[in-house]
Amino acid sequence: MRRVHNYTGPSSPPGSTSPTPSSASSVCHGQATLAIRKRRTSGSAKGEAMKKTKSNGSSKAAASGAIPRKQLQSMQLVWHKQKAAINARMASLDPTDTMAMEQINADCAMLQTMADNIRRQETTQLV
């Protein structure tokens, strides 16, 4: 914190050799900025030795080749069931039933999200 005025503080004995308050504050301020600018070193050398490594995605994909295909098929099956349920509710929809319309809108949004996930899964299998 900087001084904005020249504060003398409590009066000191006349024979004291201590610096004036203004020069003392500049000395302290200089030491504080040096302390702030110093970098802190980590205490453990063990933490520095262990570094993160990139995982090799190709070995992971080769090991689990059949699982994503089954997952994709199950996602498509759920999508078709959801679409059939929405179509059944749409057939019996009453124009004055706002709650049913809101539910159908929410289900359509979920159907869209599921379709996005299926497309994403298909593209990862192609690569």
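The following legends describe close-up views of a predicted model. Local features require pLDDT of at least 70 and side-chain atom pairs pLDDT 80 or more, whereas totals for chains, interfaces and linings use all residues. Residues are numbered from 1 along each chain as its sequence is written, and side-chain values use heavy atoms, with hydrogens and water left out.

**View A. Salt bridge between Asp107 and Arg89.** Two salt bridges (a side-chain nitrogen of Lys or Arg within 4 Å of a carboxyl oxygen of Asp or Glu) are found in the whole structure. In the pair Asp107 and Arg89, the closest N and O atoms are 2.2 Å apart. Asp107 belongs to helix H5 and Arg89 to helix H4, so the pair ties together parts that are 18 residues apart in sequence. Helices are DSSP runs (H or I, at least four residues), numbered from the N terminus. Asp107 counts as buried because its relative accessibility is 5%, and Arg89, at 33%, counts as partly exposed; buried means under 20% relative accessible area, exposed over 50%, and partly exposed in between (1.4 Å probe, protein chains only).

**View B. Salt bridge between Asp116 and Arg119.** The N to O distance is 2.8 Å. Both residues lie in helix H5, three residues apart, about one turn of the helix. Asp116 is partly exposed at 28% relative accessibility, as is Arg119 at 46%.

View C. With 16% relative accessibility, Gln82 is buried. Leaving aside residues up to four places away in sequence, Gln82 touches Asp107, Met110, Leu111 and Met114 (contact: heavy atoms within 4.5 Å).

View D. Gln121 is buried at 17% relative accessibility. Pro68, Gln71 and Leu72 are touched by Gln121, not counting residues up to four places away in sequence.

Note on methods:
Helices (H or I, at least four residues) and strands (E, at least two) are DSSP runs, numbered from the N terminus.
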